[in-house]
Amino acid sequence: MAFAPMGPEASFFDALDRHRASLLAMVTRGAGETPAGATRVASSSEVLTAIENIIQDIIKSLARNEVPAFTIDNRSSWENIMFDDSVGLRMIPRCTTRKIRSDSPKSVKKFALILKILSMIYKLIQSDTYATKRSNVHSVLTLHLHRDIYYTDIQLFGNQAAVDSAIDDISCMLKVPRRSLHVLSTSKGLIAGNLRYMEEDGTRVQCTCNATATAVPTNIQGMQHAKFLLIVEKDATFQRLLDDNFCSRMSPCIMVTGKGIPDLNTRLLVKKLWDTFHIPVFTLVDADPYGVEIMCIYKYGSMSMSFEAHNLTIPTIRWLGLLPSDIQRLNVPKDGLIALTKHDQLKLDSLLRRPYITYQPLWKQELEMMADSKMKAEIQALTLLSSDYLSRVYLPNKLRFGGWI
């Protein structure tokens, strides 16, 4: 069943269409170029071989009476991170490393945890190799939930965050994307709007423009087109926009929320939508340092996942709101403003020193405006102007007249 045309007149999207034309021209100019350090999907045999090589190194260390250790790129230092305007944050070619030793009280548990998960991943990939030949259903034998690993040995793993961190380390150590490890996390994000897709197991899903959102899928094979994608920082704002029928009135469009800091599946989905359709992607975040940082994770990536930046970042993302300059322009009542805390100021100072801010002079101006005012505002502050100001005035005007940076 086709989506019913419920959105505004075609002329409403003129600014969006011009923006998309410029994006397509940029994509055409870069066609055929493979950025240095790009991560490709590894085959099952390649991942198995990589794991076998790691285990062989451990055996050789034991044979030489040496202490076994895992060597992993150090992703906690900015010295190992470089900024590429076309990709975002990524690891430098020859970065410093850290060792997870089996004889150190500080790291022995992490060593055992990584070794255990490597064993589980190896068995999963082996099983999938044979299952594919029989039934071609990959998802049946893929470990979908990190907590499935966690509950196999609660005492060893401690908590699910430790499992997640170890899987990141394994992905970095093996130099393969996390998806190639057959370990998929549970999605926390939500998606709504003009989108139909097919999951890897053949399930057809149709999102809606009404007040019901769909959980972000772990994998998708095909999708429906839309005019733009709006990434909403917070679940409360996302739900309010659904309640106000924003998607229906702006149709065809797609809305996504990662409910704060986005998980891997939400970032993969947004990246997939961009790679497939090259539609404009906008962010709606609080006018505070932490909202800006969340936006930067979607656009430029994070230090912890910098080894997989090419699979996750979308440098073409634009900041739609809430801009610090909008607070002044719209005369948002002072009751809606909040003084920056000490932690806010430290985060803001950190953002202003980030390498990518140099490439975004308009973003820098907004951050400096926030720093000068020493004030921040949540998106909900717009309700002080009117209860539906965000969905009926602010966002439609921004989209119609190109109010993004």
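Q: Which residue forms a salt bridge with Asp326, and how far apart are the closest N and O atoms?
A: In this predicted model, the partner of Asp326 is Lys398, and their closest N and O atoms are 2.8 Å apart. The pair links distant parts of the chain, since Lys398 lies in helix 14 and Asp326 in helix 11, 72 residues apart.

Q: Is Lys398 buried or exposed?
A: Buried means under 20% relative accessible area. Lys398 has 6%, so Lys398 is buried. Asp326, at 3%, also counts as buried.

Q: How many salt bridges does the structure hold?
A: The structure holds 20. One of them joins the side chains of Glu66 and Arg64, at 3.2 Å from N to O. Here Glu66 is partly exposed, with a relative accessible area of 40%, and Arg64 is partly exposed at 48%.

Q: Which parts does the pair Glu293 and Lys347 tie together?
A: These two residues form a salt bridge with their closest N and O atoms 2.9 Å apart. Glu293 lies in helix 10 and Lys347 in helix 12, so the pair ties together parts that are 54 residues apart in sequence. Both Glu293 and Lys347 are buried.

Q: At what angle do helix 10 and helix 13 pack?
A: Angles over 145 degrees count as roughly antiparallel. Helix 10 and helix 13 pack at about 160°, with their axes 12 Å apart, which makes helix 10 roughly antiparallel to helix 13. Their crossing is left-handed.

Q: Which residues in helix 10 meet helix 13?
A: Pro289, Val292, Met295, Cys296 and Lys299 meet Trp363, Leu367 and Met370 in helix 13. By class, this contact has 7 nonpolar, no polar and 1 charged residues.

How values were computed
Residues numbered from 1 in each chain as written. Predicted model: local features only at pLDDT ≥ 70, side-chain atom pairs only at ≥ 80, totals over all residues. Heavy atoms only, no water. Axes fitted to C-alpha atoms, helices over the stretch in contact; angles between N-to-C directions. Helix = DSSP H or I, 4+ residues; strand = E, 2+ residues; numbered from the N terminus. Parallel < 35°, antiparallel > 145°, perpendicular 65-115°, else oblique. Left-handed = near helix turned anticlockwise from the far one by under 90°. Contact = heavy atoms within 4.5 Å. Nonpolar A, V, L, I, M, F, W, Y, C, P; charged D, E, K, R; others polar. Salt bridge = Lys/Arg side-chain N within 4 Å of Asp/Glu carboxyl O. Buried < 20%, exposed > 50% of the residue type's maximum accessible area, 1.4 Å probe, protein only.
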